[in-house]
Amino acid sequence: MKAKPIQAELRVKRKQWITPHYIRIYLTGQDIERFANTTTGVNNKILIPPEGVDKVYFPTFNYEKGEWEHPSEEIRPIVRTYTHRGINLETKEIWIDFVAHGEEGPASAWANRAKEGNILGVLMRDGKTELFPLRDNYLLVGDATGIPVLAAILEQVAPKVKVTCILEVHGKEDEQVLESKADVELIWLHNARPEKGSLLAAAVQKLNLPEKRRFAYVAAEYATVKAIRNYLRIDQHWQREELYAYSYWKSGVAEDQSASDRRKEKEA
């Protein structure tokens, strides 16, 4: 049986520009405790209410039909997938990181404009999730959209294990300080136009990859994820259980329009 969904209407408590293209939004509310049993780094859904609507109208799950039922269009929130980046029950905060790329998408636009008191809906599944298996060697690869989950993995891996982490960001100014107790080789790539093509797949192909007790987590754009998956699985003979690769976006296509393609590629 799948875990039940948790939902909460939260408000912006504070906002932090981590880098020129990265915003961390801290959310608070009386229902923060609902998220106490979740895993940092897993996906959540954020629900952005339409302009002029001061309440989040959540979808409801019809258990008889086995499907979600959504509110009417004029009050229906925009739904996007993000990462549960952290929680502090003492301060009643959870936080979510956003890539700041202007007004190109509704989530980026919301984060850019977000002020204390603004509301946001958060929806995710209850319960703990295994974000990654226990291994001696890890390969973490991601663009700016993948940093939240990869940073969470870096914080959670065991001390002294070997990690090679390749991250692609806009420029030198967007490199972040990431915490880990592991033996981490951190490689930053700079690419001001990731929608025109990524440097990640070529960088992976230059690595001396581990041969045993290994696991790779790849989180980036659709074409990049596909190229890295094919390289590891076909050219380097990694097994299915040694790799998790998921695309958070597809160049030129909105998230809700690319979901089917990205889901099929994940299952491939």
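Let me start with a term: a residue counts as buried when its relative accessible area is under 20%, exposed when over 50%, and partly exposed in between, using a 1.4 Å probe and protein chains only. Strands, for their part, are DSSP runs of E with at least two residues, numbered from the N terminus.

Two quick notes on the source. This is a predicted model, where local features need pLDDT of at least 70, side-chain atom pairs count only at pLDDT 80 or more, and totals for chains, interfaces and linings use all residues. Residues are numbered from 1 along each chain as its sequence is written, and side-chain values use heavy atoms, with hydrogens and water left out.

Now, to strand β9, residues 119–125. Six of its seven residues are buried, so the rest of the structure largely encloses β9.

Who are its partners? Two strands pair if DSSP finds at least two bridges between them. Strand β1, residues 5–19, pairs with β9 in the antiparallel sense over seven bridges, and Arg-11 sits opposite Ile-119 of β9. Strand β3, residues 43–48, also runs antiparallel to β9, joined by three bridges; here Lys-45 faces Leu-123.

Stepping back, we have an open sheet of seven strands with antiparallel pairing, in the order β6-β3-β9-β1-β2-β8-β7. At the edges stand β6 (78–83) and β7 (86–88), each with a single partner strand, so one side of each has no neighbour in the sheet.

Three bridges connect β7 with strand β8, residues 93–99, and the two run antiparallel. Ile-87 stands opposite Ile-94 in β8. Thanks, everyone!

Definitions and conventions. Helix = DSSP H or I, 4+ residues; strand = E, 2+ residues; numbered from the N terminus.
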